[in-house]
Amino acid sequence: MLVKISVRNLIEFVMRSGDIDNRFRDNARMIEGIRAHQAIQKKYGKNYKSEYSLKNSTMIDDVEFMVEGRADGLIQEKNGFVIDEIKSTSRMLSEIDGTNKLHWAQAKCYAYFYALDNNLDSMSITLTYVSVEDYSSIIFRESFKFDVLKEFYYSLLNEYLNFSKILVKNISKRNQTIKNLDFPYKDYRKGQRKMAVAVYKSILDEKNLFVDAPTGIGKTISTVFPSVKSMGEDLTDKIFYLTSKNTQANEALKSVHILKNQGLFIKALSITSKEKICLNDEVKCNPVDCPFAKGHFDRVNDALKDIIGNEEIMDFATVTSYAEKYRVCPFELELDISSYADFIICDYNYVFNPNTYLKRFFDEVIDRYVFLIDESHNLVERSRDMYSFSFTNERFKEMTEKLNEKKYKTLIKYLKEISNTFDEIYAKYGKKLYYYQESLIEDFDKKFVRLLKPLQKYLVEEHDDENYDDLLNLFFDINKFLKIEEYYTEGFYSVISYDEEYNQIFYQIKCIDPSEVLSSTYKKARSTIFFSATLSPMIYFTKILGAEDSLKLRLDMPFDEKNFELFNRELSTRYRDRNNNIVFISETINEFINSKKGNYFIFFPSYSYLEDVYEDYKSRFDDEVIIQDRFMNEKETKKFLRQFDKDSIKTAFVVLGGIFSEGVDLIGDRLIGSMIISVGMPGVSDERNLIKNHFDKLGENGFDYSYTFPGLNKVYQAAGRVIRGENDKGIIYLVDDRFNSYKYKNMYPKHWKSKGLRIVNEKSDFKRESEKFWEGVVEKEQKYQC
């Protein structure tokens, strides 16, 4: 039976020991280390092959080990070949003696692979340490006989063997249960079989797929089931179920539990963020402040063997229980588990974010992954955020004022240099409130890198300084910024802007069009499946998400269309008309919520407009109305929703695109109507206009990409709160004359087009049509009961 593992993971598993210690030490971090590597690699000529991929297959005790990875370099010399392993450091090179066993271990594996493949009697290894200060280096070189390399490599595999046998047994059992696995329900819902087949075929054909599936199809099980089946057919090694919210992760876990109850044996993991899963009083990952960090690596392998050997579905409760049992860090434990899990449920960040993605999967080995992207309409704004970052001049000015000028003279010098650069750049571009350009503004780049060196020295030596935490955060933010800068490509902009209210200059990298960077990530998977109830218009999402060549599937609503009605009042809610129409809006709301007693959501385009209408409404009508607070936390949100039960009569004024627009399931009579006031367009801003200009240059309708499409998506999300199940009935009431225009109707989802709008501009129109709808619902229920 085959076991796949990277060289790095193999060595870490066998040889690791000691504490977790994320306090700032003297080792180089992040971007500096990468640049130091690159500096060394560039020094060599054409006989140096950087990032050289190697793999090996070895059979021991009926277990086939497939081990692979990338050597930093392969050097061709006159008398043979050399594997080069590069380590960056901020230590004095004179202090390094070249005896670190872990550093040699990885290179010895690569040397063995290359010698075996090329029939060589010996191989040389160079262990190169490069200073992040000036990119100077010291090289330790040693030659190894083939038999010595083989013995070392086999010792690693033998140490890993017992755990491998657990893995082999798990995979064998998994594949057998998958082959016997049937769809967990007796019947498919309308469109569900079609979706499941499309997902499987996309994986089979190594294609990407977009599925626009209305609420009620059963999207989660329709993606999870065929993906798991593809694993049993040896098409897939690992499935990533990617979400933007905890509620979606819970739905994915639910589907895995359902399949488990049908006989499936699979190792599934739901990854919880470090902040939420930490067992310590506060998140401080070092042996002084956290008992789970002290000696973590001495105990974690036992914890890993235990949990992988005995658990199938590993969620927050399972992981933390084993972490407590073995006194190890639960976050690091779940990251280790992820290497051996078949099915991983995690946030978008763990695949797409350049600063937090799971490097163990996407840097070392490219495998046969499947990405299932739930509620994939959210990936647009999330990815823009992931690849954008900003600094203000005030942040650097404040630090220069806080630091002791005599003690930290060099540090202050570079902080002032950056602060002055803000002023110079702002003056250079004409003191505009908002300046942008497609090319990178490089004035900051070298100065940020120059600041990192004295900053790093400060962080190593000055743990007790009162400004330590602020400067530590600044250090990591600069590294995040420089990491994002590495991805700078078409669709990225450098922005200089000025905030008049706070007298601050901003320097930003803005990712306006993430299509190119996302497209490169999809290449790491065999197939990527995008699915949501709101992927209309699909041409917008396929383009902006960088997957225009994907297969596309639009599904009908699975429930009886008689269960809902789509009303429209042609009243202008354009910004210039809003205040003039407050009275009419109030009257329209009053007619709506009194047409049938029950629970209603009224969605407003902004919080300020919500407040304006609320003040007018409560002065003219006696209906009880509750409103969304501007700053509701998770606990307050749940309390708010608990007021809506099947017997209550509640009307809530909420914000379109806010916390109640998505992921809210008020089943049955808990919600019988939603009114959506306006077409949801984002407010006019410099950033929105930048998006518009970018897509105009590409020959698209920039206004639609920046304003129309994002607005409509918010409308669809809000409308989707009404019909959540086959027994739900309700009215979706759209208030804006643009909803009835040809342009908007042409972009409606399939089931809206099929249903059509009922125009109710007069009070009598609405009364007549709403009564007709609810009478029809009653007749249908009576007929069903008979």
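Where is the place of aspartate 61? The views below are close-ups of a predicted model, in which local features need pLDDT of at least 70, side-chain atom pairs count only at pLDDT 80 or more, and totals for chains, interfaces and linings use all residues. Residues are numbered from 1 along each chain as its sequence is written, and side-chain values use heavy atoms, leaving out hydrogens and water.

**View 1. Aspartate 61 sits in the loop between strand S2 (48-60) and strand S3 (63-77).** Its phi is near 50 degrees, a positive value in a residue other than glycine. Most residues other than glycine have a negative phi. Helices (H or I, at least four residues) and strands (E, at least two) are DSSP runs, numbered from the N terminus.

**View 2. Asparagine 119 lies between helix H3 (101-117) and strand S5 (122-131), in the loop.** Asparagine 119 is not a glycine, yet has a positive phi of about 60 degrees. Its relative accessibility is 72%, so asparagine 119 counts as exposed (over 50% relative accessible area, 1.4 Å probe, protein chains only).

**View 3. Serine 536 and proline 537 are joined by a cis peptide bond.** Omega is about -5 degrees. Most peptide bonds are trans. Proline 537 lies in the loop between strand S17 (527-532) and helix H20 (538-544).

Note on methods
Buried means under 20% relative accessible area, exposed over 50%, partly exposed in between (1.4 Å probe, protein chains only).
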